[in-house]
Amino acid sequence: MARTYPPVSLLGAPTDVGAGHRGAGLGPDALRIAGLPEALVARGIDLVDRGNLDGPRNPWQPPNDGYRHLKEVTDWNRVVMEAVASELAVGRMPILLGGDHCLGIGSITAVANHCRRKGKKLRVIWLDAHADFNTSNVTPSGNIHGMPVACLCGMGPRELTHIGGVSPALQAGEIRQIGIRSVDEGEKRLVKEHGLDVYDMRYIDEVGMKRAMEAALEGVDADTHVHVSFDVDFLDPSIAPGVGTTVPGGPNYREAQLVMEMIADTGRMGSLDIVELNPLLDSRNATAQLAVDLVESLFGKSTLMRD
Ligand SMILES: NC(=[NH2+])NCCC[C@H](N)C(=O)O
Ligand SMILES: [Mn+2]
Ligand SMILES: [Mn+2]
């Protein structure tokens, strides 16, 4: 049966302030050039592209006091948080085009506040090679794109943990991480302490993607807002080379499609981040095109007769 979707707004956040490589700031335009707007319109979606948000200039400095570009990361996240909140407030589904994954702080803080206001349950599906659960004490890099989940759970610099007023913005129990295969030593300890629900590649190898996703989506019901935070490095680098922090051994094309289709089948996706795409490292925009293909599946496009 064909599903109907709420109106969607694209929000570009052209920045790499949280990353370790330059180039993720070009992500929004690469996704547009790969045909994301047209693909959504072809799915019958009422789409508005709000263009790119206006944030601070990108500096390129080494980490300072444990963080790289903390001020710019904070300013970008505030801009993103406000833009995402405005779309949700008028009943539109925001799709954030990153930019690096530090932007998940602003995006998900806005979503969490929205859910609190509406009395909705929240389920964050974090698709990533990395847990992004570092703090300044344990980070190997100082790059804040390795810290958004920790910040959302209340650990990190006050300007990020309290960006939406309420801290923690999110409970660990609201998150499910899929595809994880690179967690730093100190980060591992924190992940365990906080009891994050992680479906890592070992788990996926053992039980298969179908069962992993069934577990990650368990309990999602009519009162649940599903937020998908799609870090493109979730995918195996052989199919998605255009990211700054590749980790081998990720989901293949079929597994990634299944993830998206199973999320689509819940009918509960209310917001989406597409982050970490780095066109400078891509091969003829192929990773952007793959991301568009996967987003189509998130919006219910499927093979054969299931539409
Ligand atoms: N969103 C990402 N791509 N994160 C990569 C993080 C890499 C590494 N764990 C770090 O903290 O530096
Ligand atoms: Mn990652
Ligand atoms: Mn990430």
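Trainee: Which residues does Asp 231 touch, not counting those up to four places away in sequence?

Mentor: This is a predicted model, to be clear. Asp 231 touches His 101, Leu 127, Asp 128, Val 275 and Glu 276.

Trainee: And where is Asp 231 placed?

Mentor: Asp 231 lies in strand S7, residues 224-231.

Trainee: Why does Asp 231 count as buried?

Mentor: Because Asp 231 has 26 C-beta neighbours inside 10 Å, and 20 or more are enough for that label.

Trainee: What about Asp 233, buried or exposed?

Mentor: Buried, with 28 other C-beta atoms within 10 Å. Asp 233 is in the loop between S7 and H10. Beyond four places in sequence, the contacts of Asp 233 are Asp 128, Ala 129, Val 243, Thr 245, Thr 246, Val 247 and Glu 276.

Trainee: Which residues does UniProt list under "binding site"?

Mentor: The unreviewed UniProt entry gives His 101, Asp 128, His 130, Asp 132, Asp 231 and Asp 233. They spread over 133 residues of sequence but cluster in space, with a largest C-alpha distance of 12.0 Å.

Trainee: New topic, helices. At what angle do H9 and H10 cross?

Mentor: Roughly 35°, with the axes of H9 (residues 209-217) and H10 (residues 253-266) coming within 10 Å. The crossing is right-handed.

Trainee: Which residues make that contact?

Mentor: From H9, Met 209, Lys 210, Met 213 and Leu 217. From H10, Glu 255, Leu 258, Val 259, Met 262 and Thr 266.

Note on methods. Residues numbered from 1 in each chain as written. Chains lettered and ligands numbered in written order. Predicted model: local features only at pLDDT ≥ 70, side-chain atom pairs only at ≥ 80, totals over all residues. Axes fitted to C-alpha atoms, helices over the stretch in contact; angles between N-to-C directions. Helix = DSSP H or I, 4+ residues; strand = E, 2+ residues; numbered from the N terminus. Left-handed = near helix turned anticlockwise from the far one by under 90°. Contact = placed C-beta atoms within 7 Å. UniProt positions renumbered as here; feature names shortened; annotations may be inferred. Buried ≥ 20, exposed ≤ 12 C-beta atoms within 10 Å, placed from the backbone.
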